[in-house]
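Open your viewer and keep the selection tool ready. This tour goes stop by stop.

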Amino acid sequence: MTAVTEARTVTPGSAIADAVQVVRAARRVPRRRTALVVGGLAVALVAAFGARVLLGDYTITIPDFVRILAGTDIPGATYILLESKLPRAVLATLAGVAFGVAGALFQTTLRNPLASPDIIGVSLGASACAVVAIALWGWQGLPVSAVAVTGAVAVALVVRLVAGPHGGYRLVLVGIGAAAAMQSVIQYVFTRVDEYDAQLVLRWLTGSVNGVAWPTIRLLALVLAVLLPLTWWVARSLRVSELGDDAAAGLGVSRARSELLLLLGVVLSAVAVAAAGPIAFVSFLAGPIARALNGGRTTILGAALTGAVVVVSADYVADYLVPDTNLPVGVVTGAVGAPFLLWLLARGRAGRRAA
Amino acid sequence: MTSTPVLERGAEAGRRTRPPLRLGAAAATALLVGVVAVACALSVLVGSRSVPVSALWDAGDPLHSVYIARIERTLLGLAVGAALALAGAVMQGLTRNPLADPGILGTNAGASFAMVVGLSVFGVSSLTDFLWIAFVGAAVASVLVHVVASLGRDGATPVKLAIAGAAVTAAATSWTTGVLLVDKQTMETFRYWQVGTIGGRDLSVLATGAPFLVVGALLALTGARLLNTLALGDDLARGLGRRTALDRVVLGVAVVLLAGTATALAGPIAFVGLVVPHGVRALVGSDHARVLPLSAMGGAALVVLADTLGRVVLPPSEVQVGVTAAVVGVPVFLLLVRRGRSGSGAL
């Protein structure tokens, strides 16, 4: 401040230069914080990924890990790494990134911390369609993803239409209803399948990264490789969209752009659901956690990394919490995420915004 | 005596906004008795396979057992449906919240979780013990939802209640799933029960639950006047000489008994408690002395009809009544949210 007032007494040109300096300095602080947070999250993700792949009931040393990836065949270790640990860790990372980004897009564009795709039924819509395609029609691979995207878009449209243009609490309530309907569709489909596979049912109800084949993971990685840069590019306007439709329009960000962001969020969560199921509460959790770390500012990268850290570490817990039982990761995220939602409500944060 | 004008004005206002469908109490009762009778007849006569009607009376006929099974599930459906709808009607009056339903506000999920824990961890086997455990779970979940929702300045708005209910349901479902996965045997028992079904149950099951249902129903039905007074707001109710805290506890016990027993008998069935009281109110207005008994009848008819529909809609498989109830209930829920009726501030 003092710099500016002093500058005013000198020449206009240098006053502007000084003001620019002050603004730059003020902007640098949050930017430094963002860099710090993103760096910290990246380190946390690498650590969680490393722990997931190397530790557990079968320890793999780092040199062995590198050698196996390079193609050496170590009896036992190669199989466990390439067929169990690595696919789980990679899928958990990819799904976490997709859910995290989707959640952040929804929460900021709709300006409601409760309006994440997993709470308003979008993920379960994708899941219900994927289940029908897999269990009743016997489909696999890309068509399943396509059907999941269709289902997610359909549920999102229905919720949007029924809730009306003003979103808010209504959107959340309509979404909860839609989620309940989708859940009963999934449960119904599984009572019709002869061979009852508990792991399979739970994958589609709560989400799981167990036993997914490499082609499915590769497909998800490919789709994300296209979608994430696109999201990055479109989301430049996210901080303005956050101000609301009217203010955003006034600042030159068209409404269509917010809609496009929502659509990207729907597609991102749908493709992740097609591979890993609707992992409960990750979209809902990642955004607020990243925001809190980052001093109240939303960053797509922060939400993506937070989502990945949450899923990878929850999967580690799910695998080893109970001996001899492989819990699906969604059970852990749900058991932790739902109390977080209650806490958010109890603090009045969410209630005020939603009501 | 000061109370009379207020009540009269309330009644008058009710008459002025009389819904288009409104019937007299007698006509509505007759209508619902008819619906229940038709539902029972359909449920006994219609099924995934057609059986000659003669087998119904002929005990020697090998197909006689089919009818016995259908009658058993009809009776169970009547009891469960009546309990759920009554619980829903009481909850809606108690919380002055149009979205209240034992399925939405977490009561059923709490009961399920408690039962799964009881079976898996404590090795409970008798149905009576199950019922008590279900009551504990239902009570804990309901209290938790209401406490969480009423924190904060604006109190327990319908929206906060519904969201807190969804959160408790999600948490309880996650934990239930976790326990089920660890314990394969429990999983086998709960596989169908979890969806909500009234098929394949023994009548002894109903006999065990009946006393609790009767007590719950009596508590709820005697609470009609209480609910009418509460509808005027807590302050007015207290001014009219009611001890609102005690009233709430009594009605809460009724809800826990009804919803807990229904969940223990048939699994978590949502939306029956939501839809039926709204339908009944559209017919007879908002006097709880009429709404409560008629809701019980309507709920019984709805569950029996939904179950019958589930048996014939996709032969040869059966759609569980929990699923068909959701199919009917979700659109009504959405409609209610959209219309935002009931005069409560937040809706």
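What is the mean pLDDT of chain B, and what percentage of its residues reach 70 or more? The mean is 81, and 88% of the residues reach 70 or more. Here pLDDT is the predictor's confidence in each residue, from 0 to 100.

This is a predicted model: local features need pLDDT of at least 70, side-chain atom pairs count only at pLDDT 80 or more, and totals for chains, interfaces and linings use all residues. Residues are numbered from 1 along each chain as its sequence is written, while chains are lettered from A and ligands numbered from 1 in the order in which they are written. The model scores ipTM 0.72 and pTM 0.79.

**Stop 1: chain B overall**

Select chain B. It has 14 helices and zero strands. Helices (H or I, at least four residues) and strands (E, at least two) are DSSP runs, numbered from the N terminus. Of the 347 residues of chain B, 51% count as buried. Buried means 20 or more other C-beta atoms within 10 Å of the residue's own; 12 or fewer is exposed, in between is partly exposed, and C-beta atoms are placed from the backbone. Residues 24 or more positions apart make up 79% of the chain B contacts with a separation of 6 or more. A contact needs C-beta atoms, placed from the backbone, within 7 Å.

**Stop 2**

Colour chain B by pLDDT. Confidence is lowest in helix α1 (residues 3-16), at a mean of 45, and highest in helix α13 (residues 288-312), at 91. Over residues 1-18 of chain B the pLDDT is below 50, and this stretch has five contacts beyond near neighbours in sequence. Now pick residues 341-347 of chain B. Their pLDDT stays under 50 too. Where pLDDT is low, the predicted coordinates should not be read in detail.

**Stop 3: helix α13 of chain B**

Select residues 288-312 of chain B. This helix, α13(B), has 25 residues and reaches 35 Å from its first C-alpha to its last. The expected span is 36 Å, taken as 1.5 Å times one less than the number of residues. In α13(B), 21 of the 25 residues are buried.

**Stop 4: the core**

Which residues have the most contacts inside the largest nonpolar core? They are A:Ala95, A:Ala130, B:Leu86 and B:Leu258, in a core of 229 residues. Such a core is a set of buried Ala, Val, Leu, Ile, Met, Phe, Trp, Tyr and Cys residues joined through C-beta atoms within 7 Å. Centre on B:Leu86. Beyond four places in sequence, its contacts include B:Leu258, B:Leu292 and B:Gly299.

Notes
Contact = placed C-beta atoms within 7 Å.
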